[in-house]
Amino acid sequence: APAVAAPDPTVDIFVLGEVGKPGKMTIQPGSTVLQVFAQMGGFTRFAATGRVQLRRTNEQGVENVYALDYDAIEAGLSNDGMVQLIPGDVIVVPQRGLFE
């Protein structure tokens, strides 16, 4: 029988909150935060883009929350957009406050 090529490995992450397409995303290994921002359908008009969260659980089961400022990334003031995502990462885009 012919050998069946193994599918390319992919990474499953999750996007929640004020984004165009919330839910599970299957991305290529090595995909960056900025690439995922481009694939998640953009932000809603209620998104607090200055305080996006990256939630990552380590091997010990401890969740770490990292702040991502999309406005600073887009302006070239932050290189957090280059962070590579790993399986199970969750990106949370909160709703902005009244005066935000």
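**Group meeting: strands, salt bridges and an aromatic cluster**

At 26% relative accessibility, R55 counts as partly exposed; here buried means under 20% relative accessible area, exposed over 50%, and partly exposed in between, with a 1.4 Å probe and protein chains only. Before I go on, please note that this is a predicted model, in which local features need pLDDT of at least 70, side-chain atom pairs count only at pLDDT 80 or more, and totals for chains, interfaces and linings use all residues. Residues are numbered from 1 along each chain as its sequence is written, and side-chain values use heavy atoms, with hydrogens and water left out.

Let me begin with the salt bridges. The structure holds three of them, a salt bridge being a side-chain nitrogen of Lys or Arg within 4 Å of a carboxyl oxygen of Asp or Glu. R55 pairs in this way with E63, and their closest N and O atoms are 3.1 Å apart. E63, at 43% relative accessibility, counts as partly exposed.

A further salt bridge joins R56 and D89, with the closest N and O atoms 2.7 Å apart. This pair links distant parts of the chain: R56 is in strand β3, while D89 is in the loop between α2 and β5, 33 residues apart. For these labels, helices (H or I, at least four residues) and strands (E, at least two) are DSSP runs, numbered from the N terminus. Are the two partners buried or exposed? R56 counts as buried because its relative accessibility is 18%, and D89 is buried with a relative accessible area of 1%.

K24 and D12 also meet through their side chains in a salt bridge, at 3.6 Å from N to O. Here K24 belongs to strand β2 and D12 to strand β1, residues 11-17, and the two are twelve residues apart. K24 counts as exposed at 54% relative accessibility, whereas D12 is partly exposed, with a relative accessible area of 28%.

I turn now to the sheet. Five strands form an open sheet in the order β2-β1-β5-β3-β4, and the pairing is mixed; two strands pair if DSSP finds at least two bridges between them. The edge strands are β2 and β4, each of which pairs on one side only. On average, neighbouring strands of this sheet are turned by 25° against each other, direction ignored. For that angle, axes are lines fitted to C-alpha atoms, for helices over the stretch in contact, and angles run from 0 to 180 degrees between N-to-C directions.

Next, the loops. Q84 lies in the loop between α2 and β5, and T32 in the loop between β2 and α1. Which residues does Q84 touch, leaving aside its neighbours within four places in sequence? Q84 is in contact, meaning heavy atoms within 4.5 Å, with G30, S31, T32 and R56. T32 is buried, with a relative accessible area of 9%. Q84 and P29 are 55 residues apart in sequence and 8.2 Å apart in space, C-alpha to C-alpha.

Finally, the aromatic residues. A search of the whole structure finds three aromatic pairs. One of them is formed by F43 and Y70 and is tilted, at 4.9 Å centre to centre and 55° between the planes. F43 sits in the loop between α1 and β3, and Y70 in helix α2, residues 70-74, 27 residues apart. By definition, rings of Phe, Tyr and Trp (its six-membered ring) pair if their centres lie within 6.5 Å; planes under 30 degrees apart count as stacked, over 60 as edge-to-face, and the rest as tilted. F43 is partly exposed at 23% relative accessible area, whereas Y70 counts as buried at 17%. Together, F37, F43 and Y70 form one aromatic cluster.
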